[in-house]
Amino acid sequence: MKIGIDGRAAVWYKGTGIGTYTYELLKTLNNIDDINNYMIFSPKNSTIPLNLRNNFETISGETTLKESFWDSIDVPNKVVNQPLDLYHIPQNGIGMNENLNSPLIITLHDIIPLKLPHTVGDKYLKLFNDKIPKIIEKCEGIITVSQFSKKDISSSFNFPKDKIFVTPLASEEIYKPMDKFMCKDIIKKKYGITDDYVLYVGGFSPRKNIIGLIEAFSQVLNSTKRKLKLLILGTKGISYEIYKKRCEELKISNKVIFPGFIPSEDMPLFYNSCEVFVYPSFYEGFGLPPLEAMACGTPVICSNVTSIPEVVYDAALFINPNNITELKDSIIRVLDDKPLREKLILRGIVRNSNFTWRNTGKQTLIAYNKTINNF
C-alpha cells in the first residue's frame, strides 16, 4: 500500500491532543511498518522531527503557520495528483482537498461542536459545521478514539459502524512514576510553587467544568486544615477571565494558580508531585490527561460520563460532574484515605499499561487495510 498522511499537526500542534496523536502515530508507524510506503505531508519549510525509514517520504506543503492552527490547517495539501492507495487526515479531516482522487480516511476525535456548540470557539464551530459533513461524505472510513465516539459519530452522521474503527490513544513515554520530592523541588525552583496541590490539566473550554472544580475546591478549603493550592494548567483561553473572577468572588484567588502553558517535558513533574488529579469534564471523546496522571502513579478523580469511564475503567474515583458536593467530598476522601490512594495508584498504573501507541499503530494499520480492501 502507498499511504499518504497529513503530518502538519505533528509540527504545528504538538503538545495538544491532535498534535500529539499525529506525532505519536507517525512515530509508531515508522517503528512497526517497513512494508507499506508512506508519503507524509509536512508544513512549508518544516520537517517532521523523526528519523524516518526509507519507506517514508516527506513532501513539504505550501502553507505556513498562521496565528490560528485551524486557519492554517484548513489550507489543503496538494495531494490530488499523488498516486495513493489511501489518504489519512488525522485532524478531523480539516485540510482535505475537495478534488482528492484517493480513497480518504480521517480521524474524527469527537463531535463536541455538534453536541456542545456553546463550548467551542466561533471559528472552529463554523469550520466544523461547514466542513465536516462534506468531508464525511467523501470518507471511505473513519478512525476515532473510543467506542463512545464511534456511537456518537455513527448516529449523528448516519455513517456505517463497520466503517468506523476505534484506535484508543495512550500516554507518552515521558509519563512515568518519579521521585515526588525531587519533582516538588524542581517545581519550587522553576515555578515558585511550594504548597501541596490538587491538579487539573486540560483545555479551558466550559465543557471542562473548571467553574465546578473551583467551587468544589473552595468547599475543600473550608473543610480541611491542610495548606492546599489548586493548579489549573493549560493555555489561558477566552474563559480564563471567567475563572479568575469566580476565584475572586469566592475569595480564593491566592489559593488557585493558573501557570499557563507548561512545556511537555515539565508535565510529568506536575503529575508526580500533586496530591490528586481531578478531571471533572462534562464531555470527552477520549480524555488523555487521566491516563497521563495514572502513568505517573497519581490518584485520579474524574467524571462518570461520556467516554471517560470507558478509558479509566475501575482505576479512578468517579463523580457526577454536576454535583459540586460530591466532587468536594471525593477530593477530601482521596487526600485523607491512604488505603484508597494506594488502591487508585496501583489500579491506575495497571490500567494505563493497557494503552500503548504500538497498539494504536497496529489498530490503525488494520483500519487502513480494511478501508482499502472495501473500496
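A salt bridge here is a side-chain nitrogen of Lys or Arg within 4 Å of a carboxyl oxygen of Asp or Glu. Search the whole structure that way and you get 17 salt bridges. This is a predicted model, where local features need pLDDT of at least 70, side-chain atom pairs count only at pLDDT 80 or more, and totals for chains, interfaces and linings use all residues. Residues are numbered from 1 along each chain as its sequence is written, and side-chain values use heavy atoms, leaving out hydrogens and water.

**A buried pair**
- D6 and R8 form a salt bridge, with the closest N and O atoms 2.8 Å apart.
- Both D6 and R8 are buried (buried is under 20% relative accessible area, exposed is over 50%, and partly exposed is in between, using a 1.4 Å probe and protein chains only).

**A link between distant parts of the chain**
- R226 pairs up with E275 in a salt bridge, and their closest N and O atoms are 3.4 Å apart.
- The two sit 49 residues apart: R226 is in the loop between helix 8 (210–223) and strand 9 (228–233), while E275 is in the loop between helix 10 (267–273) and strand 11 (276–279).
- Those helices (H or I, at least four residues) and strands (E, at least two) are DSSP runs, numbered from the N terminus.
- R226 counts as partly exposed because its relative accessibility is 28%, whereas E275, at 8%, counts as buried.
- R226 and E275 also belong to a network of salt bridges with K180, K184 and D196.

**Sequence neighbours**
- K328 and D329 meet through their side chains in a salt bridge, 2.9 Å from N to O.
- K328 has a relative accessible area of 14%, so it is buried, but D329 is partly exposed at 39% relative accessibility.
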